[in-house]
Amino acid sequence: MKKIGYFGCLLLIAALMLTGCAGTAEPIASPTPGSSTMMPGTSPGLNNSPNANSPTLTTQMPILSDMQEGVSAMMGLTSLKDVQTASEEMEDAVEQLSEVDDAYVIAYEDTALVGLKMNSQYQGTVDERLEKMVLGRVQTIEKSITGVAVTDDAAKVSEIEKLSEQLDNAQDLGQITAAMESMLSEFTVYRE
């Protein structure tokens, strides 16, 4: 007897599921008395070509330049102009932190190298809290930056400042990337 009860419940559940699916289907139009019985595609004023009833694609395929832009956006900053502009704007954004007097930033791909000259009243060091604040400020300029290498060591800040000046006058990004990658190898990059 229990088996029949279980079987009945299963049938009821299946029926409810099917009616739930059927409720979202579009209704099929039924012919009404007195309506025309013309075949689709043969109505006056419509295109009666043999391909008139064939489906057409409504989306366009991406072209190569669109795909390259998408890949570039995923990689972050990769063109000289973008790196120069973003780096300069990031310097201004980081300098808005109350702990910082001066900042030098070089952003490339998804990482920013940041040298800080701290406010004389700030007694702390570069810690995770400060790195997180710097990353947040940098990301207000460029969302693709996911990591920052931050230092307040005077010698390293001086190196970053010189590299930043070279970036301003660079004609080719290759002149900067090798030096930046070399510097980055000396740092621990903070990522959230």
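Is Arg191 buried, partly exposed or exposed, and what is its relative accessible area? Arg191 is partly exposed, with a relative accessible area of 40%; the points below place this residue among the other features of what is a predicted model.

1. Overall architecture. The secondary structure of the protein comes to six helices and four strands, and along the sequence these elements follow the pattern α-α-α-β-β-α-β-α-α-β. Of the 192 residues of the protein, 29% count as buried.

2. The nonpolar core. The largest nonpolar core has 40 residues, and within this core Leu116 and Val134 are the residues with the most contacts. Two or more residues each are given to this core by helices H3, H4 (128-141), H5 and H6 (174-184), and likewise by strands E1 (100-108), E2 (111-118) and E3 (147-151). Strand E1 gives the most, with seven residues. As a point of background, nonpolar side chains in soluble globular proteins tend to be buried together.

3. Salt bridge of Arg191. The structure holds five salt bridges, and one of them can be taken up here with the opening residue: the side chains of Arg191 and Asp110 meet at 3.7 Å, N to O. Because Arg191 lies in strand E4 (residues 190-191) and Asp110 in the loop between E1 and E2, the pair ties together parts that are 81 residues apart in sequence. Asp110 counts as partly exposed, at 26% relative accessibility, and Arg191, as stated above, is partly exposed as well, at 40%.

4. Salt bridge of Glu99. A salt bridge also joins the side chains of Glu99 and Arg129, with an N to O distance of 3.5 Å. Glu99 lies in the loop between H3 and E1, while Arg129 lies in helix H4, so this pair ties together parts that are 30 residues apart in sequence. How do the two partners stand with regard to burial, that is, which is buried and which is partly exposed? Glu99 is buried, with a relative accessible area of 12%, a value under the 20% cut-off for that class, whereas Arg129 is partly exposed, with a relative accessible area of 41%.

5. Salt bridge of Lys132. Helix H4 also holds Lys132, whose side chain meets that of Glu192 in a salt bridge at 3.8 Å, N to O. Since Glu192 lies in the segment after E4, the pair ties together parts that are 60 residues apart in sequence. Lys132 counts as partly exposed at 47% relative accessibility, whereas Glu192, at 64%, counts as exposed.

6. The negative surface patch. Which residues gather in a patch of negative charge on the surface? They are Glu88, Glu89, Asp92, Glu165 and Asp168. Helix H3 (80-94) and helix H5 (154-169) each supply at least two residues of this patch, and the largest share, three residues, comes from H3.

Terms used:
Residues are numbered from 1 along each chain as its sequence is written. This is a predicted model: local features need pLDDT of at least 70, side-chain atom pairs count only at pLDDT 80 or more; totals for chains, interfaces and linings use all residues. Side-chain values use heavy atoms; hydrogens and water are left out. Patches are made of residues with over 30% relative accessible area and no salt bridge: like charges are joined within 9 Å, nonpolar side chains (Val, Leu, Ile, Met, Phe, Trp, Tyr) within 5 Å. Accessible areas come from the Shrake-Rupley method with a 1.4 Å probe; for residues, only the protein chains shown count as cover. A salt bridge is a side-chain nitrogen of Lys or Arg within 4 Å of a carboxyl oxygen of Asp or Glu. Lys and Arg count as positive and Asp and Glu as negative; His and the chain ends are not counted. The place of a charge is taken as NZ of Lys, CZ of Arg, CG of Asp or CD of Glu. A nonpolar core is a set of buried Ala, Val, Leu, Ile, Met, Phe, Trp, Tyr and Cys residues joined through side-chain atoms within 4.5 Å. Buried means under 20% relative accessible area, exposed over 50%, partly exposed in between (1.4 Å probe, protein chains only).
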